Amino acid sequence: MLKTLLRKQMLEINRGFFYDARKGKNRTKKGTILYITFYVLLMVGYLGGLFGFLAHTMVFAMEGSGLGWLYFLIMGGIALVLGVFGSVFSTYSTLYMSKDNDLLLSMPIPIRYILVSRLMGVFVTGLMYSAVVLIPTAIMYYIAAPFSITTLLGPIVFSIDVVLLVFILSTALGWVVAKISARMKNKSIMTTVIALAGIALYYVVYFKAFNTIREFIANITSADISITGAMAPLYWIGRVGCGAVLPMLVVTCVVVLILVGVYFLLSKTFLKIVTTKTGASKVKYKEGKTKVRGTGKALLMKELKRITSSSTILLNCGLGSIIMIIGAVALLIKGSYLYELLTYAFGPIHGTIAVMTAGAISTISSTVSLTAFSVSLEGKSLWILRTMPVSTSQILRVKKVTDLLFTGIPGILLVIAAALTMHLGAVDILLTFVLVVLSCVLMADLGLFIDLRRTNLNWTNETALVKQSLNVFLTLLAGWIEAGLIIVAGLFLAPKLGGTAVLGILTAVFAIPLVILELWLAKKGPAAFESL
Amino acid sequence: MLSISHLTKKYGETVAVDDLTLEIANGEIYGFIGHNGAGKTTTIKAVAGILGFDSGEIRIGGLSIKDNPLECKKRMAYIPDNPDLFDYMSGIKYLNFVADVYGVSAEDRQERIRKYADAFELTDNLAQPVNEYSHGMKQKLAIISAWLHKPELIIMDEPFVGLDPKAAHILKQMMRELCDNGGAIFFSTHVLEVAEKLCDKVAIIKSGKLIKSGTMEEVKGDSSLENVFLELEENKEDPEV
């Protein structure tokens, strides 16, 4: 029974590999293999390559000087950040908000089986993200360290401990969110705030640990120095990776104990949380003044309501917008200092700053990608839009506008802040503005294009759409490539050609895919939507 | 009001609706019956403008759904068999959204919401999120939203499923009132007693083909609709009865 549930959960997470939502049928075996290979190559080739390179730059020197434990500590820290960051935003909805909760609870299935299958979803998501760091870390260590049974076992045990820690942190935070938001009226906003507070706390702890490590490295004179105080537990954790037997046993035992405690907590509360519909008191309707809106505004408000009603969407996509707004404010406050620092370090770099500003905004805004699932998100209520007297092009346009509200406006605010503090010329400001807007529209178009080509209306958990879908992954990847191109051009071309010329070239280059996508969305987009 | 002529819809090689022709005039409640998978929902979705079709024509008030989809949709309303509404809105927000899209004035929507929500005893729940509604409450909300812009034609797929007896009675009254005021209703149902009592005309579909249609008297004669339906269903060798 548990096996069946786990298979169902895995199928839900990985449905895209086996089922072609656009054609409405299962992929062929060949197609599935090709698809998985493509995905693995992207994950391993891009992210794995990136972290493999990082591991390669550290492992030989550190292992050679007896600081292998520090190597594991740093790489483990990165894996922990990536794993928690990757899974925590969807934990609450994965654990407690699945649409098939009632169905499963009505079946003769032990509650613990349902919980374990849900936990497996959280575990696999965290594993996927942390593995892209942990696998290269282990491989590089095997290459650098002399072979022995303990050095063989160490990275494996260390990886298991880190993956379990990611799982513990994510599920514990998911549980806190569930408990606190149970009696809140506006659950999505509260969930978002609590999760963000949790993340902030987590990062404070993380950076404090990082500072401790940095101070330790700055004061290090010999690998044989005694390690005490705050460094001691970190040292023990790092030693697990090197295959030290006692730390392996102690750290693993501690992790397993915490895991058992968290599982106990979850198992005691799971049923109550899942079956508590709302803790908010019932609001009795009182007729008030009616606001009449036009069709466009009504559709826009509907899209905004959909986004703000989901903590999963807010946490996964809204974070980029918040970072951009905070960035703009920070730039207004500390921009002059930053400008002086940059010019002191690199000389006159006005042009580069303009290009890099565009690159930074593109990097952050690409994480928003609301259009990459906005059509799929309609799910079974798609009939409402399809039967209303609204043109399909207007529906698609509103979805794009909604995305741009979350990317374009914060992006423009950042450009304004940069213009006020970074001493940019008028032409550079204008071109940066154009490039940023163009970049945001391009990503919105691309997301919409991908979602129209690969629509999935039969989801049971929106996390699968917002976080785990190939649509979002492809849009994110394209965004990173685009932002990477801007940053590379800023670093290498701008000093030679000047920022203005580079901004102009980039605008012209990105205008080409934009025009192609705009034409496709105008000509074939409505038909694609209507065929759903 | 609604004219379906030679409608054919295929899913790959499977013919879901085969050369179906029907005429629904103003003032008529038209029942559409058939076994599961007969092609009722496909026909209804094609009329509602959700599904495209391979050949034939659907006209609403003389306008082709293919050529003038928006004008046709303005004149009609559709209620699916399973009302998956916008769960993230409250009932009143959903109704206001529908009213905004159809351009219903503030006065008209207030009056209609008050009238129908009171009739269905849903008024107190309108501030609650739709995801807290029962199936029946969602069905009531879908019905209110369909009546909100005073459509000339209402298309419904199994509208009585999930409704309590009182709500079903109110819906029947609303259907009759709309048709008495010149509107038309085309709906599918498996509840043959309801169809027999409520409908002016009825059509029976089997394997995508229309096998009998006409006024209730023409279709059932001296027998009951249930008997006629079962007889037609049993006659598998020759669907062209």
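In which sense, parallel or antiparallel, do strand β1 and strand β4 of chain B pair, and over how many bridges?

Analyst: The model is a predicted one. In chain B, strand β1 (residues 2-11) and strand β4 (residues 55-60) pair in the antiparallel sense, over 5 bridges. Within this pairing, B:Thr8 stands opposite B:Ser55 of β4(B).

The two strands belong to an open sheet of 4 strands in chain B, ordered β2-β1-β4-β5 and paired antiparallel. At its edges stand β2 (14-24) and β5 (63-64) of chain B; each has a single partner strand, so one side of each is left without a neighbour in the sheet. Helix α1(B) packs on this sheet, where it touches β1, β2 and β4 of chain B, and its direction makes about 120° with that of β1(B).

Chain B also contains an open sheet of 6 strands, in the order β6-β7-β8-β3-β9-β10, and here the pairing is mixed. The edge strands are β6 (76-79) and β10 (209-215) of chain B, each of which pairs on one side only. On average, with direction ignored, neighbouring strands of this sheet are turned by 15° against each other. Helix α1 (residues 40-48) of chain B packs on this sheet too, touching β3, β6, β7, β8 and β9 (201-206) of chain B, and its direction makes about 150° with that of β7(B). Helix α9 (residues 225-234) of chain B likewise packs on the sheet; it touches β3, β9 and β10 of chain B, and its direction makes about 25° with that of β9(B).

Strand β8(B) in turn pairs with β7(B) in the parallel sense over 5 bridges, and B:Asp157 stands opposite B:Ser188 of β8(B).

B:Lys150, in the loop between α5 and β7 of chain B, has phi near 55°, a positive value in a residue other than glycine. B:Lys150 has 14 other C-beta atoms within 10 Å and is therefore partly exposed. B:Glu158, in the loop between β7 and α6 of chain B, has phi near 50°, also positive in a residue other than glycine. With 19 other C-beta atoms within 10 Å, B:Glu158 is partly exposed, because a residue counts as buried at 20 or more.

Helix α6(B) covers residues 165-180, and at 1.5 Å a residue its 16 residues should span 22 Å; the end C-alpha atoms are 23 Å apart, which agrees. Its buried residues are B:Ala167, B:Leu171, B:Met174, B:Met175, B:Leu178 and B:Cys179. These cover an arc of only 125° around the axis, which puts them on the same side of α6(B). The face turned away from that buried side carries the exposed residues B:Pro165, B:Lys166, B:His169, B:Gln173, B:Glu177 and B:Asp180. What covers the buried residues of α6(B) includes the strands β3 (29-33), β7 (153-157) and β8 (184-188) of chain B, together with the helices α5 (135-147) and α7 (192-198) of chain B. After α6(B) comes B:Gly182, whose phi is positive, near 100°.

The contact with the other chain remains to be described. In chain B, 30 residues are in contact with 26 residues of chain A. The elements that give two or more residues to this side of chain B are α2 (69-75), α3 (91-102) and α4 (106-119) of chain B. The largest share, 6 residues, comes from α3(B). By class, the side of chain B that touches chain A has 16 nonpolar, 7 polar and 7 charged residues.

Definitions and conventions:
Residues numbered from 1 in each chain as written. Chains lettered and ligands numbered in written order. Predicted model: local features only at pLDDT ≥ 70, side-chain atom pairs only at ≥ 80, totals over all residues. Expected span 1.5 Å × (residues − 1). Buried ≥ 20, exposed ≤ 12 C-beta atoms within 10 Å, placed from the backbone. Arc of directions from axis to C-beta. Contact = placed C-beta atoms within 7 Å. Nonpolar A, V, L, I, M, F, W, Y, C, P; charged D, E, K, R; others polar. Pairing = 2+ DSSP bridges. Axes fitted to C-alpha atoms, helices over the stretch in contact; angles between N-to-C directions.
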